[in-house]
Each structure stands twice: as structure tokens, then as C-alpha cells.
Amino acid sequence: MNDAHRFAPLARGLSRGFARRLAHALFALLAACIFPSPGIAAQGDGVRLHDIAWPRSFGYRIGDTLPIQITLEIDDGWIPDRDGLPEVGQGDRQFELRRLDVADASHRCAQCRTYTLEWQLMKSVRAPQTLQLAPTTLRFRKDNQVQAIAVPAFAINAAPLLNWQARTDWINSVHPGYRAQDFDVSAPLLRTAGWTLTAVTLLLAGLWAGGRLGGQGARPFARAWREVRALRLAHGRQGDGDALALAFRALHRGCNETVGRTVFAVGLPDFLRDAPEFDDLADDLAAAFAASRSVFYGLPPSARFARFDDLYTLLGALRDRERLHARHTPTAANAPAPTTAAGH
């Protein structure tokens, strides 16, 4: 038997095996076309790219934004896959995603939605340069089916904020985009001076009204009223015997300094003749002198002027008339010394 007859059965066996394997491959290919894989959506179902609105590709500087609007036709039941959309803040050293918005685009098609990816240029270039925005993938899911939409890369032209010099000392050309302005100090100084003048004026007016400034400082009854006011604040409105005696001494000192001599109770008519502005207080002065005599000589207390309030009110009235009818009188230094502790 020759070699051809010896290998004929082997050739027939190999032919039958090859035919069988070829039939199995064709059957699997047909099944894959008719029944798609459960993890991949069939062509034309799920999510379809409608169009992409690209921004301009030129004239960008650091900080500029590139909004890319992607309109997708999305069938019912399809939602973005978890981690299937880029997150705000992610990016490379050149671009960073600043905003991701989704809006209805039913004016484009019934099931259209627009995804806006706003990228921001983060790289500062020293010379005009072409930069490449990396491609992005949007992934959607329905049950166990997943479909991805690829957004291709996009190239832009970026320019520096300032023109860099080509000479060797280019570092001298670097400067900020603003210049410091001179600070005008005249306006703040004028305002400060105005407020200071106002405060000083109010202070002087308060001192004058309280009898601590100007001619009032030399008026006898104004000083006496201030002394009694201090005693009243220190000892209360009633006061004790020693404090009340000091208050009466202030009254007598005011009368003596007003006319430049010691005024006794019997000399009140002469006092009123020399200081007629106090005529309407003649009865009050007489009662005050009588109460003073009772205090200093241990006599029964008087019904009037037994308290600080009464004497304080009388001295206030004397001070007011002294202010209205100021006159030139001898000062206490030129007045004769009183012959007794108080005028009686």
C-alpha cells in the first residue's frame, strides 16, 4: 500500500473535525448577532450622541473657561452610571472641571438632554502654545446594561497674560497687572480734625455750663453751689450735722465774697441793697441765716433748711441770678476777714 492510501483516513478525519469546528464558530457568531451580550446595549438602544457644541479654539489665557455642550438622546430608564460622569474639581495640570450641568433639551428632540462640561484653563504659558483637552467618557446604565459615550479630545490655543521679553534679562519684564496708588491722607486728617474740634467744643461748653470755666469760676455762689453739691453726693440728701455746717459755711462765704465784707443776719438789708439781683430771695436768705444760727449755736433746729436739699436749691437759685446779673465786685482776697465763724 502506498503512502496516499495509508494517510487517506487521517485526511478524511481532519476534514470532518475542521468542518465541525467551523460550523460551531458560525453558529456562535450568529447567536451573538441575534442575542447580544447582557452587559452591552444593542446598537441604537439606550443613549445616543446627538451633537457636541464646541467652544472657540483660540484666544485663551489662564483662568478662562471652556464650556462643552453635549446633547444626548436618552431612552427611558437610562441613568448616569455611578462614577460614570466626571466630578467637579478633577482634571490634569492643564484643565480642571469647574461645572457640570444637566438641562432638558426637548426642543432638540423628544428625549434629548444637554450635559454642559465647563473646563477651566489652569496652566500659565510663557508663549503661545497649543494645549490638548483630554477625551472624556460619559457612562450610562439601565439594569445590567452599560453604554459609554466618548467625547473626543479638543485642542485650544493659549497665550500668556503678559508678553515675555526674548532678551536675556527677561526677568525684569515681569511685573504685576496693577499699580499701587498713592493714599490721600488729607481727607482722613480733615475728618479727624473736625471730630476733635467738635469734641473739644462740647467739653468746653459742658465745663462752662457747670460753672467750671471762664467767669463762673470766680463767682462766689457758683463755687458755693459746687461745694454743697459735692457734700450732697458724699453724705446723701439728708446729711449729718458736720456736713450741714460745712454747707452753711459755703453759703456765708458766697454772701461775703459777693459784697466784699462779712454779712450778718442783721445786715441782710444792706447785702440786698448792694446786690439787688437777689431781692426776690430775701425771705429765703433770712430763713437760711436763722437755720445757720441754730446749727452753729446749738439752738432748736429751724423748720426750714434742715436738709441739704433746701440749701442746695437756694444756692442754685442764687447761682442763676448771679449768672444773669454778673457784676464787678471785690474778690474774696480783698474782702475783710469775717469776725465770726459765720455771719449771724
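**Helices, a sheet and a cavity in a predicted model**

Arg232 has its place in helix α3, residues 220-235. This is a predicted model, in which local features need pLDDT of at least 70, side-chain atom pairs count only at pLDDT 80 or more, and totals for chains, interfaces and linings use all residues. Residues are numbered from 1 along each chain as its sequence is written, and side-chain values use heavy atoms, with hydrogens and water left out. Helices (H or I, at least four residues) and strands (E, at least two) are DSSP runs, numbered from the N terminus.

Let me stay with helix α3. Arg232 is buried, at a relative accessible area of 18%. Here, buried means under 20% relative accessible area, exposed means over 50%, and partly exposed lies in between, with a 1.4 Å probe and protein chains only. The buried residues of α3 are Pro220, Phe221, Ala222, Ala224, Trp225, Arg226, Val228, Leu231 and Arg232. On length, the 16 residues of α3 should span 22 Å at 1.5 Å a residue, and the end C-alpha atoms are 23 Å apart, which agrees. The expected span is 1.5 Å times one less than the number of residues in the helix.

Arg232 also brings us to helix α7. Between Arg232 and Tyr312 there are 80 residues in sequence, but 8.2 Å in space, C-alpha to C-alpha. Tyr312 is among the buried residues of α7, as are Phe308, Asp309 and Arg319. Helix α7 covers residues 308-324, and its 17 residues should span 24 Å at 1.5 Å a residue; the end C-alpha atoms are 24 Å apart, in agreement.

Gly254 counts as buried, at 1% relative accessibility.

I turn now to the strands. An open sheet is formed by 4 strands in the order β1-β2-β5-β4, with antiparallel pairing. The edge strands are β1 (47-53) and β4, each of which pairs on one side only. From one strand to the next, the twist averages 25 degrees; axes are lines fitted to C-alpha atoms, for helices over the stretch in contact, and angles run from 0 to 180 degrees between N-to-C directions. Two strands pair if DSSP finds at least two bridges between them. Strand β2 (residues 65-74) and strand β5 (residues 112-121) pair over 9 bridges in the antiparallel sense. Thr65 has Gln120 of β5 as its bridge partner.

Two loop residues deserve mention. Asp83, in the loop between β3 (79-80) and β4 (95-104), has a positive phi near 60 degrees although it is not glycine. Asp83 is exposed, at a relative accessible area of 59%. Asp143, in the loop between β7 (136-142) and β8 (145-151), is likewise not a glycine and has a positive phi of about 55 degrees. Asp143 counts as exposed, at 66% relative accessibility.

Finally, which residues line the largest cavity? They are Trp54, Ile68, Trp119, Leu133, Ala134, Thr136, Val151, Pro152 and Phe154. By class, this lining has 8 nonpolar, 1 polar and no charged residues; Ala, Val, Leu, Ile, Met, Phe, Trp, Tyr, Cys and Pro count as nonpolar, Asp, Glu, Lys and Arg as charged, and the others, Gly among them, as polar. A cavity is a set of points on a 1 Å grid over the protein atoms alone where a 1.4 Å probe fits but cannot get out, and lining residues have an atom within 4 Å of a point.

Definitions and conventions. On a 1 Å grid over the protein atoms alone, a cavity is a set of points where a 1.4 Å probe fits but cannot get out, and a pocket is an open set with protein on both sides within 12 Å along at least five of seven lines; lining residues have an atom within 4 Å of a point.
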